Amino acid sequence: MLEQSLHQTMRIACRSVLGGLIGWAPSLALAEDDSQHFEKHVRPILVDRCEACHSGAKGKTSGGLALDTRDGWVKGGDSGPPIVPGKPDESLLIQAVRYHDDGPQMPPDEGGGKLSESQIAALAEWVARGAIDPRAAAARIGGMTPDEARQWWAFQPLRKAEPPAVRDPAWPRCDIDNFILAELEKQQLAPAGMADRRTLLRRATFDLTGLPPTPAEVEAFASDADPDAFERVVNRLLDSPAYGERWARHWLDVVRYADFYDANPATRTASCELTEAWRYRDWVVEALNSDIPYDRFVVHQIAGDLLPSPTCEEVYPAGLIATTFLSNGVWDRGDADKEKIISDMVDDNIDVIGKTFMGLTLGCARCHDHKFDPITTEDYYALAGIFYSSHILKELGAKGGEYTMNRVPLVPAAVVARRAEFEQQLADLNACIKKLDEAKPPENNVAGAAGAGDADRAALVAQRDQLEREMPPPIPLAMAVQEGGMPGGLFPSIQDVPIHIRGSYAKLGPVVPRRLPKMLAGDDQPPMTSGSGRKQLADWIVAADNPLTPRVIVNRVWQWHFGAGLVRTPSNFGKLGQRPTRPELLDYLAAKFVAEGWSLKRLHRRIMLSATYQQASLATGDASVRDPENRWLARFSARRLEAEPIRDAMLSVSGQLDQTRGGPAGDDLTIRRRSLYVQTARWDRSGYAMLFDAANPDASTEQRTVSTVAPQALLLLNHPFVLEQARQLAARLLKEVSSDDGARLKYAYRLLFGRLPSEDEVAVARGILQSGGANDPVAAWADLAHVLLCSNEFVYLD
Amino acid sequence: MSSEVTISRRQALQRAGCGFGLLALADLLAGEARAGTSVSDDRAAHPYAVRAPHYAARAKRVIFLYMPGGPSHVDLFDPKPRLAADNGKPLPFEKPKLERTKTGNLLASPWKFARHGESGIEISELLPHTARCVNQLCVIRSLLADNINHTGAALQMCTGEQAFSRPSIGSWLTYGLGTENQNLPGFVVVCPAAVFQGAQLWASSFLPSAYQGTLVRDPKQPIANLGDPTGDLARQRAKLDALRQLNEMHKRDRAIESQLDARIASFELAFRMQRDAPEAFDLASESAATQRLYGIDSPVTDLFARQCLLARRLVERGVRFVQLFDAPMNNAWDHHNGLRESLPARCLAVDQPIAALLTDLKARGLLDETLVLWGGEFGRTPTAEGSNGREHHPFGFTMWMAGGGVRGGMVHGATDEFGWHAIDNIVHVHDLHATILHLMGFDHERLTYRYGGRDYRLTDVHGHVVRQILA
């Protein structure tokens, strides 16, 4: 498919080059003089004085104008083509270099100022002679030549790679290890030793569930000599509901998930808030826990509203909920320019789909052809038509007012109607009661003065009470995407849309039929005639011959296990991304992943059961000096826990963790539920999680940064939540271990670190306990617990 | 592989040095010693260590006095006799298509303007104190922004981008320069009320979070989690000593020593911040005369006076970027109605404190190296909204700069005779940003950060330094 499209593009490109030559044939007779004039007098001016700001090759085209190719000026910039061959006085370029009063004056002061008179004359003569420009332009698709695009690694079909042979056959435990070790042997690096069982269990438990192992789990694993012991641990962890909660958070980073705009429940605006976003978060947790095949996971998020219910129900809630992926996006909600909001929504959707699923920065082609990857503006607007033919909003709202999100019922229409009927009856009854109350003079309200009206009223009240008892539950809603364009917008139906010149809906170019990017999906695409085309787009993203999708997800999973991906720019597999460190391994894993039914749990198992994953974090020999970034994986990369596991671990060891799953998010970190259920608000960066480098919900986050700053330490030292966990942990130690301080300390270490304290550590701890004063053991233990919760060992993973 | 260890930015970030650690302090001292030469580029280990800019800077610090909502240029800094002459008549040319709501006819400014200082710059009677400082001001009457809504326009003014998340000016500058006091945050935002777009206006976005603005809502509670100042510091010291000992034991035989060291240092710095920050934020230690100068004695000026005085104390202590929002409530300067009553009230609240800040900075010899910037996300329409208001107006409006490297006592640029379009020496927001970076010693095209596979900068692909206003 890919090949075919490239050939086609090449043919077209060749035709147009030929066409150009033929078109210019009449002037060939003069060509020698003209092209000499160009080379000698014109090209140097263009190179020295213009191309700093007007060069397609350098990616700098001020005013949209490129002067480094003939195509550049023929196409022109924002003000149209600057050269009218044969007519220097009508050419904007000549007017500009002459510093005409009304119009641009080029080159500007900071570009060295006005050209010399002889230079201006040379340019004018060149234009007068017909602006002969012998510079040939390479045919390009967006930022690549067809050749480059065809050879680009990420667009290649998945290659079947056999695990390579290794010199030390004892080390590998699975195929992954052959790939890793073969390269280590080539680099003359020795893998690290195996992590001890305590370390491995702590690593695996945080990795899969985001929580620390319990002392009992540590002991069970440490004393289990069975060679399959670790496999059973991995299976147990994958089966735990905490797995979905942990890995959902990774996914939510990539899809720019937020629970709300406004962190303050009192000031939220109902019509446009993300009130039902949590259903999507819960759906992701559930999808991961049930190991829904990844291809279906993808299709649900792009086109779930178009999927039939697998159980033939009228409504398919999961499908509707999953499309919140598209509606929980980033745009300026308050923009009074409603058309701009719509075009920003479309852009957000294209951008997040490209990055999330395919590692493509499709959004870059909104205003101009992609500067680096083979995506054209036409491709972009062909995709844009799909999203302009869908809508996220129910109403745009008045100018200056807020819009209203779609909220789609998750129950059949009859249930919705029944609830509405009840609500109507209730409203009617209440109105009647109110009328009676108003009609009656107030003195009649005195007790005992019963009249005929009172009996009526009592009957009505009884009726109302019964109605309230029988009232069906509120209708569950989802912020789902729906087919059809935005009502009241420029494109209100299912339709193709025109190219927006430089991204602006106010400047429209030719209409582009809805379709997939040509370079990737080929020229011969079936037209999108049924519906918006979202379903076709989704199906193509997970199609067997699209190599990007499995590569991208396998790489993400690898990154979330190891700290860095095989491709270290996980959302950009294009030219500006990094190349894979182990292309064969990436393809091997991707191919296996697809062959084994797109199962993420199988992929986790495959990775975690490898010797590579189970290495210690301390390198053998000089491996960490020779490979500081750990590209070759001759050790496990030790790391700090993320914001959520740090907080969850505190709650877990203090015994305070409330493991209730799902539902709307809580307001702040003082709740006792897992951090997944503490709200992320787009307008608030002051919360706990952001301080510890949680993902910015205003952009797709491919990888979190890790910062270590004093405000984090201040929070751990002084925040009431942390102090409370320290007190609770102390209380737990005092309650559960009734004997001496030594036994309590051992239990504390087993709880927090999964090990026993050393003598030196015992001495430090006793120092704190003793200096805390013997008369208040609770306070002294709370101080010690606080120190342990702040310790590096508690927040770092080996 | 060469024996020279190279560390990528990503890796460097993961190594994630301590914000303001002991090592950073050492770096800082070293950095000061060789100021002007190249300073450590290891931002990950020492994000706040002092760094040299591209070339000699004209200013070392910035105070941005931000008036959220959009102050009315035609009522404050850009007098238009033609508005008075044509009061009540329609604007004689077509308004731009970009429009929020339809405004009515031209509305003369209800206030008088007078010439001030040697330069004779005209300033509204609403700002008598500011007018006295006119010789320090470079009044730019030709600002141009792209967005007509608060959210987009404020984002553009603070980050250069209208819709998407980008690092703010203060984040770029602390990323570029580090900061001079390792015991205080490098970028402080004082914003009493929640404003539109909130934290996005001072976010570090894709820059490491160390460069995010530290929000101070209430100058009495300056930095989050500073703890109880009356608490038992000796006991806390004992706990920190124990923590340090345990962390040192944990560090043995571990490969990621620099990360672990950084975290140890971060606790030490936190301890020092607890100690030093209250002093920096303690306005009561200022003399009564100074407090009066700013207007701390009057309920009208008290809030912004405290903000301004705090700004001076912070820059004096080496904080790199201070952004003050005049925000007793959201959008205090958004005068759609009640212009005749509310605009004078806002001016009363900020005028004296701002003049005091300029005077005080100058008296202490700080103004030469401190760039002070005043303005909002846009101006307001010369036409009336209702009978007593003005709409949003990004097509031509006024900001002023003072101090470090800027020519005082000058007017730059102009709007047309109605105050509608900037027509002369237009200064786009991107140009303003390029100029701020220039004054701080940066080529705005070279202060970049690679993210998601491309290099980003404050001015995106735009911006020209406004050379005419440089001293």
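In the largest cavity of this predicted model, helix α16(A) supplies the largest share of the lining, four residues, helices being DSSP runs of H or I with at least four residues and strands runs of E with at least two, numbered from the N terminus. A cavity here is a set of points, on a 1 Å grid over the protein atoms alone, where a 1.4 Å probe fits but cannot get out, and its lining residues have an atom within 4 Å of a point. The lining of the largest cavity includes Ile342(A), Met345(A), Phe387(A), His391(A) and Met486(A), and the elements that give two or more residues to it are α16 (338-358) and β3 (390-391) of chain A. About 110 Å³ of space lies in this cavity, and the structure holds 18 cavities of 30 Å³ or more.

In chain B, strand β11 (residues 397-403) is mostly covered, with seven of its seven residues buried, that is, under 20% relative accessible area with a 1.4 Å probe and protein chains only.

| Strand of chain B | Bridges to β11(B) | Direction |
|---|---|---|
| β4 (residues 137-144) | five bridges | antiparallel |
| β8 (residues 370-375) | four bridges | antiparallel |

Ala402(B) is the bridge partner of Leu137(B) and also that of Val372(B).

Local features need pLDDT of at least 70, and side-chain atom pairs count only at pLDDT 80 or more, whereas totals for chains, interfaces and linings use all residues. Residues are numbered from 1 along each chain as its sequence is written, chains are lettered from A and ligands numbered from 1 in the order written, and side-chain values use heavy atoms, without hydrogens and water.

Methods: Buried means under 20% relative accessible area, exposed over 50%, partly exposed in between (1.4 Å probe, protein chains only). Two strands pair if DSSP finds at least two bridges between them. On a 1 Å grid over the protein atoms alone, a cavity is a set of points where a 1.4 Å probe fits but cannot get out, and a pocket is an open set with protein on both sides within 12 Å along at least five of seven lines; lining residues have an atom within 4 Å of a point. Grid points are joined across faces, edges and corners, and a volume is the space filled by probe spheres set on the points.
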